[in-house]
Amino acid sequence: MAPVVSGFSKLSKDEKINWLVKHHFNNDTNTIDIIKTYWNSDEKLQQLHDEFTENTISNYYLPFSVAPNFLINNERFTIPMAIEESSVVAAASKAAKFWQSRGGFNAEVLSTTKVGQVHFTFSGDNKKLKTFFKNIKSDLISSASHITKNMEKRGGGIIDIALRDKSSEIENYYQLHCTFSTVDAMGANFINSCLEQFADFLTNAASTYNEFSEAEKKIEIIMSILSNYVPECIVKASVSCSIDDLPSINNLTSLQYAQKFVRAVQIAKIEPYRAVTHNKGIMNGIDAVVLATGNDFRAIEAGAHAYASKDGKYSSLTEAKIENNVFHFSIQIPLALGTVGGLTTLHPLVKLALSLLGSPNAKKLMEITAVAGLAQNFAAINSLITTGIQQGHMKMHLMNILNQFQATNDEKEKLVEHFKTNTVTHSEVVLQIEKLRN
């Protein structure tokens with residue numbers, strides 16, 4: 001067991017590594033070599049990465065890939081994706097190619113409102129509290145003017161503040177439910193700064209409000225924090241085409257293919273066990289773009305899965321239907337993304353990714369990201385209802401297995417050719433490698 005360490009963050013990077021190697025890796029110098037292998041040779045660039053977070057000892061690489069041929073609102077995009085799962089980029093590219101000849105993807109941002117809350121307790125007459133809030137609301141908003149000034153110049157700012165009574169659920173519990181527009185910024189720091197200002201103003205104003213008793217004047221702030229649930233920061237993406245333009249595959253007519261596809265989505269609408277995996281596939285595409293563009297994929301994941309449960313049961317984020325001989329497939333999802341602030345102006349690959357997309361504003365990035373999720377879901381369902389998911393996935397996974405066994409380039413070439421017509425399984429790959437080597 002490693003000893004308790006004091007002042008670890010104040011150690012130099014080499015000192016941190018030496019401590020780890022001594023107490024966790026039995027002084028194995030190979031561990032140091034692995035850690036330092038991933039350092040960037042450009043010292044200035046490495047320092048930039050070191051300072052993104054605390055206690056940095058190395059860099060963790062993910063493949064930075066691109067998926068071309070995305071036609072979105074009649075504009076062509078090559079989408080950057082940062083992800084390690086082997087089949088995701090291939091599937092997205094395949095879906096993009098399929099839909100580019102069928103009118104492409106349509107996308108629109110429906111709303112961009114974001115939420116933050118001041119959580120507090122108040123012991124007293126809630127009618128007095130409501131009157132108090134009504135009296136101070138305009139001053140409450142004005143109190144944050146020094147924070148909102150620059151955001152307002154860009155067209156954003158505070159939209160509204162509402163008092164919410166939650167005392168029936170938790171004794172004496174209330175909220176200031178605050179809504180914001182943050183334009184092209186994700187806005188977390190902006191929102192949190194405003195909320196903390198509101199909390200200070202609220203408690204100070206309450207302490208001198210003559211209508212309150214001494215007990216009522218002592219409002220206690222529990223916390224002030226933005227919400228990653230943004231059901232009013234919504235983007236919709238969709239595709240549609242004539243049934244006749246859909247493939248006839250695996251003995252399915254175009255109509256049978258469409259009907260089977262719709263049924264697969266319906267299953268994900270009503271069956272949570274399927275819906276979780278269904279939505280995970282959507283997030284494969286979305287997270288990859290979110291990561292590549294320097295946004296917070298954890299916030300996006302949390303908000304998306306909460307939205308999938310908004311009707312009281314976890315369900316599919318996509319919809320599919322057949323109407324008047326036309327196949328329709330769409331997604332509606334909350335995506336609080338930004339193209340300014342955070343890593344967007346710091347990380348060189350993030351800047352490159354945004355430049356690749358034509359330096360989009362936040363709304364356009366929301367549209368592109370939603371399309372990536374829809375494309376991923378289309379590709380997954382297409383595989384599931386025809387060849388099965390493993391055929392394509394395992395062929396993409398083949399290179400990982402070959403690398404695991406340190407296959408040479410010549411071995412890789414021969415085995416990739418072999419598995420073009422044979423089923424990929426781990427045991428079969430091992431068998432074929434052994435045959436080659438023997």
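**Pocket, cavity and a few residues**

Modeller: The largest pocket holds about 1,400 Å³ of space. Keep in mind that this is a predicted model.

Colleague: Which residues are closest to the centre of that pocket?

Modeller: Phe 52, Leu 291, Leu 343, His 347 and Val 350 are the closest to the centre, out of 43 lining residues.

Colleague: And which elements give two or more residues to the lining?

Modeller: Those are H3, helix H7 (188–207), helix H9 (272–292), H10 and helix H11 (348–356).

Colleague: How does the pocket lining split by class?

Modeller: The lining has 23 nonpolar residues, 18 polar ones and two charged ones.

Colleague: Let's stay with Phe 52. Where is Phe 52 placed?

Modeller: Phe 52 is in the loop between helix H3 (43–50) and strand S1 (64–72).

Colleague: Is Phe 52 buried, partly exposed or exposed, and why?

Modeller: Phe 52 counts as partly exposed because its relative accessible area is 30%, and that class lies between the 20% limit for buried and the 50% limit for exposed.

Colleague: What is Phe 52 in contact with, sequence neighbours aside?

Modeller: Leaving out neighbours within four places in sequence, Phe 52 is in contact with Leu 343, Leu 346 and His 347. Take Leu 346: along the chain, Phe 52 and Leu 346 are 294 residues apart, yet their C-alpha atoms are separated by 9.1 Å.

Colleague: Which residues are closest to the centre of the largest cavity?

Modeller: Met 186, Ser 227, Asn 228, Val 230 and Ala 336 are the closest, from a lining of 14 residues. Strand S4 (114–121), strand S7 (220–227) and helix H10 (297–307) each give two or more residues to that lining.

Colleague: Which element has the largest share of the cavity lining?

Modeller: H10 does, with three residues. By class, the cavity lining has 10 nonpolar residues, three polar and one charged.

Colleague: Switching to Thr 318. Where is Thr 318 found?

Modeller: Thr 318 is found in strand S9 (residues 318–323). Thr 318 is buried, at a relative accessible area of 0%.

Colleague: Which side chain makes a polar contact with the side chain of Thr 318?

Modeller: The side chain of His 278 does, at 2.7 Å. Beyond neighbours within four places in sequence, the residues in contact with Thr 318 include His 278, Val 265, Lys 269, Phe 329 and Leu 374.

Colleague: Lys 269, noted. What does the backbone oxygen of Lys 269 lie 2.7 Å from?

Modeller: A polar atom of the side chain of Ser 315. Ser 315 is in the loop between H10 and S9.

Colleague: Is Ser 315 buried or exposed, and why?

Modeller: Ser 315 counts as buried because its relative accessibility is 11%, and buried means under 20%. Leaving aside neighbours within four places in sequence, Ser 315 is in contact with Ala 268, Lys 269, Ala 275, Asn 279 and Ala 308.

Colleague: Now some helices. Which residues of helix H2 are buried?

Modeller: In helix H2 (residues 29–37), Thr 31, Ile 32 and Ile 35 are buried. Those buried residues fall within an arc of 100° seen down the axis of H2, so they line one face of the helix.

Colleague: What's exposed on the face turned away from the buried side of H2?

Modeller: Thr 29 and Thr 37 are exposed there. As for the buried residues of H2, helix H1 (13–24) is included in what covers them.

Colleague: And at the start of H2, what does a side-chain oxygen of Asp 28 reach to?

Modeller: To within 3.0 Å of the backbone nitrogen of Asn 30.

Colleague: Last one. How many helices and strands does the chain have?

Modeller: It has 15 helices and 10 strands. Of the 438 residues in the chain, 44% are buried.

Key: Residues numbered from 1 in each chain as written. Predicted model: local features only at pLDDT ≥ 70, side-chain atom pairs only at ≥ 80, totals over all residues. Heavy atoms only, no water. Helix = DSSP H or I, 4+ residues; strand = E, 2+ residues; numbered from the N terminus. Buried < 20%, exposed > 50% of the residue type's maximum accessible area, 1.4 Å probe, protein only. Polar contact = N/O pair within 3.5 Å; in protein donor to acceptor, adjacent residues only side chain to side chain. Contact = heavy atoms within 4.5 Å. 1 Å grid on protein atoms, 1.4 Å probe; cavity = no way out; pocket = protein on both sides within 12 Å on 5 of 7 lines; lining within 4 Å. Nonpolar A, V, L, I, M, F, W, Y, C, P; charged D, E, K, R; others polar. Points joined across faces, edges and corners; volume = space filled by probe spheres on them. Arc of directions from axis to C-beta.
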